[in-house]
Amino acid sequence: MLDLACGNLRFERFLREALPDTTLDVVAVDNCAPLVGEAPAGVRVVEADLVGGLLARESAGNAATPPTGVAPATSVDAGAAPSPNPTLSPSQATDAAPSAGATPSLGTAAGATSPHAPFDLAVCFGFLHHVPGFDRRAQLLRELGARVRPGGIVAVSLWQFMDDPRLARKALGLREDALSHLRALGADPACLEPGDHLLGWQDDASAWRYCHHFDEAEVDALSRALAGDPAPPRTVAPRAVPAGGSTFPHTSAPCAAPTRPVLADATPAPSPASPPGVTLREVARFSADGRSGRLNRYLLLQRA
């Protein structure tokens, strides 16, 4: 299994408890080693900044390459000390043999640490709402699909916090402060897409997180895009923030103190080429989590 943005490995521990007689071989990717903590047996951790690497590759003018490169990473086996992970330069971010001193692709980071790639299952929970831009989110899911075998499953969660009255009130209440924060940085709030928000982090007034709300129309559009079906033009509806082009990465605790967001160009990035031969078909969709049981929308996708 490949777990992108694994967090504190809660899903891995759940699987071990739910499937005690199953041998798990897991590659878990995250950029916050203190949050991940000690990996259980059978779990290899790759420390990598996916959003930062994604935007860095676009800034380098390499939009034609799938934007799933990651920042310099370390690979950690359960019970072992961290060691340097093989890396690739942005222009070489394929599944070729790695070279030292550059940036690995998602495929290289995963394949370099698992003898059983391609994977049976790839998951991404609680992360996609931090990835700026519809095209980037769709491409990241395509790259996950490229990491699973034919017939393998990709499972993702899509945060629908604006459908929760309490969270929606909080987000709307922060709107003016968030826009003022952007303007103070010399950034144009018009760079935000429909559904984009800046949310706080607990009680820290200086920490702002980029978060995206997925309405059902966007979930439909993602499903169609991943299946290779032509998608109708996406209309811009009024939101808590103005609509526009691409946006910015988030910063969050507990890994580091809040830092100045780096804005991407306000012009939407060109849609990158899809991994050849990768088609993901939706096999299930459901809601779960939170008091309402509807805080997240889950998509289960199967590689053709």
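Rings of Phe, Tyr and Trp (its six-membered ring) pair if their centres lie within 6.5 Å; planes under 30 degrees apart count as stacked, over 60 as edge-to-face and the rest as tilted. By that rule, Phe-11, Phe-14, Phe-125, Phe-286 and Tyr-298 are linked into a cluster. Please keep in mind that this is a predicted model, where local features need pLDDT of at least 70 and side-chain atom pairs count only at pLDDT 80 or more, while totals for chains, interfaces and linings use all residues. Residues are numbered from 1 along each chain as its sequence is written, and side-chain values use heavy atoms, with hydrogens and water left out.

**Aromatic pairs**

- The whole structure holds five aromatic pairs.
- One of them is the edge-to-face pair of Phe-11 and Phe-125, at 5.2 Å centre to centre and 85° between the planes.
- Phe-11 sits in helix H1 (residues 10-18) and Phe-125 in the loop between S6 and H5, so this pair ties together parts that are 114 residues apart in sequence. Helices (H or I, at least four residues) and strands (E, at least two) are DSSP runs, numbered from the N terminus.
- Phe-125 is partly exposed, with a relative accessible area of 25%; buried means under 20%, exposed over 50%, and partly exposed in between (1.4 Å probe, protein chains only).
- Phe-125 also forms an edge-to-face pair with Tyr-298, at 5.9 Å centre to centre and 65° between the planes.
- That pair links the S6-H5 loop to strand S11, 173 residues apart.
- Tyr-298 is buried, with a relative accessible area of 15%.

**Strands around S7**

- Strand S6 (residues 119-124) runs parallel to strand S7 (residues 148-159), joined by five bridges; two strands pair if DSSP finds at least two bridges between them.
- From S6 the chain passes through helix H5 (residues 134-147) to S7 in a right-handed β-α-β crossover (clockwise from the first strand over the helix to the second, with the strands pointing away from the viewer).
- S7 is antiparallel to strand S11 (residues 296-303), with seven bridges.
- Val-154 of S7 stands opposite Ala-122, and its bridge partner in S11 is Leu-301.

**Nonpolar cores**

- The largest nonpolar core has 36 residues, and Val-154 and Leu-158 are among those with the most contacts inside it. Such a core is a set of buried Ala, Val, Leu, Ile, Met, Phe, Trp, Tyr and Cys residues joined through side-chain atoms within 4.5 Å.
- H5 gives the most to this core, with six residues.
- A second, separate core of 13 residues includes Met-1 and Leu-24.
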